[in-house]
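Have a look at the picture first, then read on.

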Amino acid sequence: LNEDTEMNLKVAKFSKQIVKDYKAHPIVIQKSASVYDGIVQIFLEDVGTLYAVDQNGHLAGVISRKDLLRAAIGNKNLDDLPVSVIMTRMPNIVTIKQEDTLMDAAKKLIQNRIDSLPVVREIDSDSHTYEVIGRITKTTITKAFLEMIER
Ligand code: ADP
């Protein structure tokens with residue numbers, strides 16, 4: 001095969017990859033936890049985004065590094081401030097499903113200018129009830145792309 005054909009096949013293959021095969025473990029925090037605990041957790045887990053869940057374990061919000069920084073600048077008592085106050089909450093969370101493609105995920109990341117997407121299983125769409133089962137980040141997409149191209 002010539003080089004162009006080979007590259008086209010690789011790109012075609014990349015565009016068929018599904019979220020299920022690449023998703024990482026989601027790092028979750030209770031929405032009642034403090035901003036202080038959120039900051040500790042984001043360092044300990046070495047991630048850029050935390051997913052907040054309610055008492056039932058359902059997705060309630062997303063907390064990014066900048067959300068935590070913003071909260072830390074303006075507030076003295078980070079122990080008393082729950083992450084639920086600073087998170088981006090449902091129904092404004094952009095999510096992705098296991099069966100969706102990595103291309104779908106890449107588009108959502110770029111269009112919404114965000115770093116990560118919670119991978120969710122829908123429990124009840126009317127009430128925006130979702131279970132978080134993974135995460136897709138810009139790193140996930142970059143890794144998958146390299147694997148496809150270099151193989
Ligand atoms: P950072 O804020 O650290 O640069 P992001 O670019 O991912 O990280 O986040 C930008 C803003 O978008 C933050 O306020 C964050 O809460 C929000 N955000 C991040 N991921 C999502 C998502 N999947 N759906 C909706 N909002 C999100």
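The points below go through confidence, a hairpin and a few individual residues.

1. Keep in mind that this is a predicted model. The chain averages a pLDDT of 95, and 100% of the residues score at least 70. For the complex, the predictor gives an ipTM of 0.97 and a pTM of 0.94.

2. Start with strands β6 (residues 116–124) and β7 (residues 129–137): they run antiparallel and are joined by eight bridges. Together they make a hairpin with four residues between them. At D124, the residue opposite in β7 is T129.

3. Next, look at H128, which sits in the loop between β6 and β7. Its phi is positive, about 55 degrees, although H128 is not a glycine. That's worth a glance because most residues other than glycine have a negative phi. H128 counts as partly exposed, because it has 17 C-beta neighbours inside 10 Å.

4. R113 also has a positive phi, near 55 degrees, and is not a glycine either. You'll find R113 in the loop between α5 (102–111) and β6. With 6 C-beta neighbours inside 10 Å, R113 counts as exposed.

5. Check the peptide bond from M90 to P91 too: it is cis, with omega near 5 degrees. P91 belongs to the loop between β4 (88–89) and β5 (96–97). Most peptide bonds are trans.

6. Finally, L81 is in the loop between α3 (65–74) and α4 (83–86). Is L81 partly exposed or buried, and why? It has 18 C-beta neighbours inside 10 Å, so L81 counts as partly exposed; buried would take 20 or more. Beyond its neighbours within four places in sequence, L81 is in contact with S34, V35, A71 and N75.

Notes:
Residues numbered from 1 in each chain as written. Predicted model: local features only at pLDDT ≥ 70, side-chain atom pairs only at ≥ 80, totals over all residues. Helix = DSSP H or I, 4+ residues; strand = E, 2+ residues; numbered from the N terminus. Buried ≥ 20, exposed ≤ 12 C-beta atoms within 10 Å, placed from the backbone. Contact = placed C-beta atoms within 7 Å. pLDDT = per-residue confidence, 0-100. Pairing = 2+ DSSP bridges.
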